[in-house]
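Hi everyone, thanks for coming. Today I'd like to walk you through one protein model, a few residues at a time. Please have a look at it before I start.

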Amino acid sequence: MKTLSDLIEKAKSSRKKRVVVVGAEDKEAVKAVFKAKEIGIVEEIFLVGNSSSISYSGEAKVIHAHTEHEAAETGVKIVSSGLADVVIKGLVKTSTLLKAVLNKEWGLRGSGLLSHLAGIEVPGVERVIFITDGGMVIKPNIEQKILVIKNAVDFLRKLGYETPKVALICAVETVNNDMPETTEAAVITKMAQRGEIKGCLVDGPLGLDNALCHKAAEIKGVKSPVAGQADILVVPDIHSGNFLGKSAVYFAKGKIAGLIVGANAPIVVVSRADSAESKLLSIALAISAG
């Protein structure tokens with residue numbers, strides 16, 4: 001995939017979805033869902049929040065909620081009951097929305113780990129790069145990293161990637177016992193080579209430069225089927241993933257789309273400060289995978 005705009009074209013070939021905006025006081029999120037309906041990838045819209053603060057133009061079902069917690073519960077129940085397909089985070093805290101998503105009685109908890117996946121498009125890189133996990137798992141251990149990889153790979157395969165290339169990103173590309181992330185990366189790479197992680201190519205530790213750039217890998221003597229052509233960057237913790245995603249937007253003037261994967265329905269989660277375009281691309285990302 002060369003640009004995030006490709007997601008919109010791919011979404012158009014998928015079934016139209018019914019979407020719920022949780023915290024629909026978010027004008028950019030509302031603008032995005034109506035744009036998604038206009039271009040033909042959304043068929044029904046639910047707006048949940050303080051009805052007196054929700055502004056919209058077009059046909060939608062508005063459901064009043066007195067608090068963030070009530071909005072999150074109502075929105076998640078609409079999806080878990082089968083009335084809608086996609087949850088979209090609006091003007092609510094991510095933690096509030098996820099508490100509802102993880103409710104054992106009526107939430108959207110899947111059988112495994114939930115993780116965040118962000119697609120970024122930046123000038124100078126001629127393909128979309130996916131980053132995980134910069135929004136859900138704070139500091140994954142080795143078992144969680146394997147599940148994070150599985151979530152990302154499963155999602156990219158639904159997007160049409162036959163064998164996604166996964167880079168375990170560290171500050172250096174060599175194993176250093178003082179940097180446990182490098183040791184974990186080496187172990188996970190070995191597991192993938194032995195067939196314990198399927199459907200993808202995995203390598204690490206890799207520096208960000210040699211994961212993305214063939215020349216950097218060549219200069220540093222890194223020989224790998226992933227180096228220079230990674231599709232997925234697996235970061236050591238939520239901080240590095242968050243910084244990396246936001247730096248693509250604020251330093252490099254790039255674009256970002258994000259969602260939580262591993263649940264029973266797509267959950268579009270981007271920053272409340274993100275633009276309507278970013279939220280539209282995130283909706284397209286959620287719809288493109290099925």
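Let's begin with Phe 34, which touches Ile 45, Leu 47, Tyr 56, Ser 57, Gly 58, Glu 59 and Ala 60, leaving aside residues up to four places away in sequence. Before I go on, please keep in mind that this is a predicted model. You will find Phe 34 in helix α2, which covers residues 27-38. Is Phe 34 buried or exposed? Its relative accessibility is 14%, so Phe 34 counts as buried, the cut-off for buried being under 20%. For a sense of scale, take Lys 99: Phe 34 and Lys 99 are 65 residues apart in sequence, and their C-alpha atoms are 27 Å apart in space.

Now to the nonpolar cores. How many residues does the largest one have? There are 55 in it, and the residues with the most contacts inside this core are Phe 130, Ile 149, Phe 155 and Ile 283. Helix α5 gives the largest share of this core, with eight residues. Let's zoom in on Ile 283. Not counting residues up to four places away in sequence, Ile 283 touches Ala 32, Val 33, Ala 36, Ile 41, Val 42, Ile 88 and Val 268. There is also a second, separate core of 25 residues, and among them are Ala 65, Ala 71, Val 76 and Leu 98.

Next, please find strand β8, residues 201-206. Five of its six residues are buried, so β8 is largely enclosed by the rest of the structure. Its partner here is strand β7, residues 165-169: the two run parallel and are joined by four bridges. If you want a pair to click on, Val 166 stands opposite Val 202 in β8.

While we are in β8, look at Pro 205, which sits in this strand. Where else can you see a cis bond? Go to Thr 132 and Asp 133: the peptide bond from one to the other is cis, again with omega near 5°. Asp 133 belongs to the loop between β6 (129-132) and α5 (142-159). Why point these out? Because most peptide bonds are trans, and most residues other than glycine have a negative phi.

Lys 253 lies in the loop between α9 (238-250) and β10 (255-261), and Lys 253 is exposed, with 68% relative accessible area.

On to the cysteines. How many disulfides does a search of the whole structure find? The count is zero. Take Cys 170: the closest cysteine sulfur is in Cys 200, and because that is 16 Å from the sulfur of Cys 170, it is too far for a bond. Cys 170 counts as buried at 10% relative accessibility, and Cys 200 is buried with a relative accessible area of 10%.

My last stop is Asp 274, in the loop between β11 (267-268) and α10 (276-288). Asp 274 is buried, yet has no salt bridge. Which side chain of opposite charge is nearest? That would be Lys 279, 6.7 Å away, while a salt bridge needs the charged atoms within 4 Å. Leaving out residues up to four places away in sequence, Asp 274 touches Glu 28, Ile 256 and Lys 279.

How values were computed. Residues numbered from 1 in each chain as written. Predicted model: local features only at pLDDT ≥ 70, side-chain atom pairs only at ≥ 80, totals over all residues. Heavy atoms only, no water. Buried < 20%, exposed > 50% of the residue type's maximum accessible area, 1.4 Å probe, protein only. Disulfide = S-S within 2.5 Å. Lys, Arg positive; Asp, Glu negative; His and termini not counted. Contact = heavy atoms within 4.5 Å. Core = buried A, V, L, I, M, F, W, Y, C linked by side-chain atoms within 4.5 Å. Pairing = 2+ DSSP bridges.
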